[in-house]
Amino acid sequence: MPTLFLSHGAPPLVDDPTWVAQLRDLAAALPRPRAILMASAHWESAPLMLGATETVPLVYDFGGFPQRYYQARYRAPGAPVLADRVAALMPDGETVARTDRGLDHGAYVPLSVMYPDADIPVLQMSLPTLEPDRLLELGARLAPLRDEGVLIVGSGFTTHGLPFLRDWRPEAAAPGWSREFDAWTAETLARGAVDELANFRAVAPGMPYAHPTIEHFAPMFLTLGASGAPEQSPEQPIDGFWMGLAKRSFVTA
């Protein structure tokens, strides 16, 4: 299986026909996964934690939206065997905690568009760190799952400067900091310059406005590490902006 980095959007993503079509086309171009391992920007916890594996509830971890977004359902099967495999791939002596936490919106919103039948087992794991080098190493440990039919997904947002947005319409023009950071990300990914990506806080244009906190860029490094070849030039099938934020997403080989 390939690995994915998705810009996941807020719950109203499901009402955006362009983004919905892009995500559906992306899913249709992939081999069908036997299971999905999801790491979202919205779950930071150390040590590494694994979510619900029997029934997979949803976590409505957002506020201020119309009531219908809190009534969304995504009844995917749990993935207890995958949870055991993830735990087994961690170093001896490293704690892996279990919890009944459900899928947050960084996980279920894109999955509800890509795999609307909710018939693929899903496991969400926490981000135990936000440091790029450590996430690259964690991803490398997870890489064997790809040969077992597991789709590994890092879910974040290529830019996420929410405090600096002034126009909250989906079609809003992208601020300069968002355009500049997105263009730098696209070009740096195309060159496979993973060391530059990892140093984004110091070298990327548009900082710190593009990421006043870094949890939405961090999942990218898990994706690259799990690819087995983090210095590759991944395909970037989704680009553009939504509420002025860059929705760039990529697929590794």
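Pro208 lies in the loop between α7 and α8, where helices (H or I, at least four residues) and strands (E, at least two) are DSSP runs numbered from the N terminus. A cis peptide bond, with omega about 0°, joins Met207 and Pro208. The model is predicted, so that local features need pLDDT of at least 70 and side-chain atom pairs count only at pLDDT 80 or more, while totals for chains, interfaces and linings use all residues. Residues are numbered from 1 along each chain as its sequence is written, and side-chain values use heavy atoms, leaving out hydrogens and water.

A cis bond also runs from Ala46 to Pro47, with omega near 0°; Pro47 sits in the loop between β2 and β3 (48-50). Most peptide bonds are trans, and most residues other than glycine have a negative phi.

Ala118 is buried (under 20% relative accessible area; exposed is over 50%, partly exposed in between; 1.4 Å probe, protein chains only), at 11%. Met243 is likewise buried, at 14%.

Strand β5 (residues 122-127) is largely enclosed by the rest of the structure, because 6 of its 6 residues are buried. Strand β2 (residues 35-44) pairs with β5 in the parallel sense over 5 bridges, pairing requiring at least two DSSP bridges. Ala39 has Met125 in β5 as its bridge partner.
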